[in-house]
Amino acid sequence: MTRMYRSFRSRREQGRLMWKIQARRQKRNAARHAIVATKLQCWWRVVSARLLFIAKVRHHVEVIPNLVERKLYYCNHNTGECTWTPPRHGSNVLHAPQDYIVVNENNRVYFVKWSMSPNEAHLRMWNKPSGYRRCTKCLQNIALLECIDVPGFFCFRCFRASFDDHDFARGTKQQRRVSPVSCTLCSQGRTASWHCLSNGPGLAACSLCFTRIENVDMKWLRI
């Protein structure tokens, strides 16, 4: 009987010690998992904050060329501040201005191909340059950006007024720069002046190629 009682007590004590060891191990693992979860949460918050900051900088800071000083200045439409120095962080993600800008002088609107070089003069023209799309909202400025999920082309200010910066930070919407339309009929790299409405959206022609088209049934639209 004594031997059986001692065996029973030893097994019970061994079970109690094993339970303590497992409880300590579970507690240690829970503390380790909590540290890892905290690190992951901090990392994700840093990444989200960075994406939101980049989206806000790209959405609110406009790069504008100054034709007199031949320098670029930065206008923050959210704060109303304009400065010659780029933002301290995020200046490499800003949208570069379009090749042509619209100038309103004495109630007359004309287009200027600007240049930062002092040896190169600004090119002024009254008509919209061929190949460059006009903003579909204000119908005046040259389009700079477009949203892939929403049809239309927008200048910087109309794009900022039409969309929210949080949509691009979360990835629910995507934006891209509007490039000038190139001629698809030649390999000279000339900008297109006409857009075909009959054979799909991919066919565009420059002024020289447009004069050589023999099919008179095709419908064209001036770009």
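User: Which residues line the second largest pocket?

Analyst: This is a predicted model, in which local features need pLDDT of at least 70, side-chain atom pairs count only at pLDDT 80 or more, and totals for chains, interfaces and linings use all residues. Residues are numbered from 1 along each chain as its sequence is written, and side-chain values use heavy atoms, with hydrogens and water left out. The second largest pocket is lined by Lys128, Tyr132, Arg133, Arg134, Cys135, Thr136, Leu139, Phe153, His195, Leu221, Arg222 and Ile223.

User: What makes a residue count as lining, and what makes a space a pocket?

Analyst: On a 1 Å grid over the protein atoms alone, a pocket is an open set of points with protein on both sides within 12 Å along at least five of seven lines, whereas a cavity is a set where a 1.4 Å probe fits but cannot get out; lining residues have an atom within 4 Å of a point. The volume of the second largest pocket is about 220 Å³, a volume being the space filled by probe spheres set on grid points that are joined across faces, edges and corners. Its lining has six nonpolar, two polar and four charged residues, where Ala, Val, Leu, Ile, Met, Phe, Trp, Tyr, Cys and Pro count as nonpolar, Asp, Glu, Lys and Arg as charged, and the others, Gly among them, as polar.

User: What is the volume of the largest pocket, and which residues lie nearest its centre?

Analyst: The largest pocket has a volume of about 440 Å³, and of its 19 lining residues, Glu62, Ile64, Ile101, Val102 and Asn141 lie nearest the centre. Two or more lining residues come from each of β1 (61–66), β4 (100–105) and α2, the helices (H or I, at least four residues) and strands (E, at least two) being DSSP runs numbered from the N terminus. By class, 13 of the lining residues are nonpolar, four polar and two charged.

User: Why are Asp165 and Lys56 called a salt bridge?

Analyst: The term requires a side-chain nitrogen of Lys or Arg within 4 Å of a carboxyl oxygen of Asp or Glu, and the N to O distance between the side chains of Asp165 and Lys56 is 3.1 Å, so the pair qualifies. Asp165 lies in helix α3 (residues 165–170) and Lys56 in helix α1 (residues 2–60), so the bridge ties together parts that are 109 residues apart in sequence.

User: How do you know whether Asp165 and Lys56 are buried or partly exposed?

Analyst: Buried means under 20% relative accessible area, exposed over 50%, and partly exposed in between (1.4 Å probe, protein chains only). With 4%, Asp165 is therefore buried, while Lys56, with 31%, is partly exposed.

User: What is the distance between the closest N and O atoms of Glu146 and Arg176?

Analyst: Those atoms are 2.8 Å apart in the salt bridge of Glu146 with Arg176. Glu146 lies in strand β7 and Arg176 in strand β8 (residues 175–177), so this pair ties together parts 30 residues apart in sequence. Glu146 is buried at a relative accessible area of 12%, whereas Arg176, at 45%, is partly exposed.

User: What makes up the largest nonpolar core?

Analyst: A nonpolar core is a set of buried Ala, Val, Leu, Ile, Met, Phe, Trp, Tyr and Cys residues joined through side-chain atoms within 4.5 Å, and the largest here has eleven residues, including Cys135, Leu144, Leu145 and Phe168. The largest share, three residues, comes from α2.
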